[in-house]
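Hello,

Here is the structure I promised to pass on to you. Please open it beside this email, and then read on for what turned up.

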Amino acid sequence: MEENSNDPLKRVEDQLKKCVKCGACRTNCPAFTTFQREPAVARGKVALAQHILSDDIELDDQTYLAMSKCLLCGSCVDKCPNDVPTDEIVIAARESLARKRGLTTFHAAVGQVIKNRTRMKMGAKMASFLGPLFFKKVPETSGLRLRFPVPFVGNKRFIPEIAKSSFIDQHPEVIPGEPGKPRIAFFVGCMTNFVYTDAGEATLALFRHLGCTVIIPKGQQCCGLPGMSGGDLATVRELAEKNLAEFEKYEVDYVMSACATCGGALHRLYPLVVGKRNPELRERLEALAKKTVDASQLLQQLGLDPSETGGGEEIRVTYHDPCHLRTRGVVKQPRELLNGTPGVELVEMEGADKCCGLGGTFNVYHYDSSMNINAEKSAAIVATGAQAVATGCPGCMMQLSDGLKQHGSNVEVVHTLQLLARKLKP
């Protein structure tokens, strides 16, 4: 067992003391709503982290399971009267457990995949090619279902199709814009690259419409958040340094992402978690973070007029707030853009800012609980009478689509930027 001085929980030891166990977090925690057990809520996680740090608790499967019951949605942080950063504490606790007990089989496999883009591309191509053998369409327009269960996935969930060609492979690295217009580096993200390529095309079309030079670095990697979910911070740090080196190659005004999770990694979690013990690296990561901006935020900042780019048939739309945009204050911008789009009628759902239940690998470890959390979201979407639900996170898109189909609904799930770009050609 490691010495306490090297325990990742040491970096949040002072933050642990801020929690007075008041229980305000119980009201806002989506995990607590489904598990209804104290270890699932923020104050329970803090208490457990304190015991892990003190080495006075057995690090058995139940300890690991309890710490996995967190979506890292930040809802408890938003509402905590003492500003306890529970998400940062949970990340540190998971890393501590992973160091002391080792990674789970699943998270070890995840790490091997996400830190090797070539392996990821090969897997995506195989999944696309072998799709008809392993998946069936149910029905034709509702995504895919596995024909038989596989470990960690099962066969209950609806899965989106893998693109035949990745977004990054379809475009040159530098797409020149107009002189004097901003230079933007596009952090694409794995889901946009391999699954929701249409969202990537819409993003690119909108910034080209504004005359921006768009750079799509070919060497960019996964942001690493799936590794962070399982405590594999070694993989996260490796990916953060690779991404940092890749994006530092270019003189750009902004680093833009149309994925809330990837943007959240670059903007907050890289400097906070990865650069904690390395001042020089932290300074570089903070410089990257200052340039990192969500696509909807940047489009509004650069003066996009959605009446010029969006249009088509009238559609009633509701909007879901991704947690990694909500916690960064990107709430008004996508709504204002949608409200300015011809043909789009935006209606608010109840609990638009509540987590959809994905939580990265939470959805894999606790699928049924994940869908229990999502059931409230699906019901709220359907209650609006909307034909589509828009959001700014491809992970949320996958979860919302799965939940709505489980709910028996045919509400379409789209990326916000797809609605803003309906007049534009890719």
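Let's begin with helix α14 (residues 233-247) and helix α15 (residues 260-274), which pack at an angle of about 120°, their axes being 11 Å apart. Their crossing is left-handed. If you want to find the place where they touch, look in α14 for L233, V236, R237, L239, A240 and N243, which meet Y270, V273 and V274 of α15. Sorted by class, the residues in this contact are seven nonpolar, one polar and one charged. As you look at the numbering, keep in mind that an α-helix has 3.6 residues a turn, so residues three or four places apart point the same way. Please also remember that this is a predicted model.

**Aromatic rings**

How many aromatic pairs does the structure hold? There are four aromatic pairs. One of them is formed by F35 and F362, and this pair is edge-to-face, with 6.2 Å from centre to centre and 80° between the planes. F35 belongs to helix α3 (residues 30-35) and F362 to helix α21 (residues 362-365), so the pair ties together parts that are 327 residues apart in sequence. Are F35 and F362 buried or exposed? Both F35 and F362 are buried.

Next, turn to helix α20 (residues 332-339), where Q333, P334, R335, L337 and L338 are buried. What do the buried residues of α20 pack against? Their partners include the helices α17 (295-301), α18 (306-309) and α24 (416-420). The strands β8 (315-319), β9 (344-346) and β10 (388-391) are also packed against by these buried residues.

**Two aspartates in loops**

Finally, a look at the backbone. Most residues other than glycine have a negative phi. D55 is not a glycine, yet its phi is positive, about 60°. You will find D55 in the loop between α4 (42-54) and α5 (61-68). With a relative accessibility of 34%, D55 counts as partly exposed.

D83 is not a glycine either, and it has a positive phi of about 55°. The loop between α6 (75-79) and α7 (86-101) is where D83 lies. D83 has a relative accessible area of 55%, so it counts as exposed.

Enjoy exploring, and write back with any questions!

Best wishes

Terms used:
Residues numbered from 1 in each chain as written. Predicted model: local features only at pLDDT ≥ 70, side-chain atom pairs only at ≥ 80, totals over all residues. Heavy atoms only, no water. Phe/Tyr/Trp six-rings, centres within 6.5 Å; stacked < 30°, edge-to-face > 60°. Helix = DSSP H or I, 4+ residues; strand = E, 2+ residues; numbered from the N terminus. Buried < 20%, exposed > 50% of the residue type's maximum accessible area, 1.4 Å probe, protein only. Contact = heavy atoms within 4.5 Å. Axes fitted to C-alpha atoms, helices over the stretch in contact; angles between N-to-C directions. Left-handed = near helix turned anticlockwise from the far one by under 90°. Nonpolar A, V, L, I, M, F, W, Y, C, P; charged D, E, K, R; others polar.
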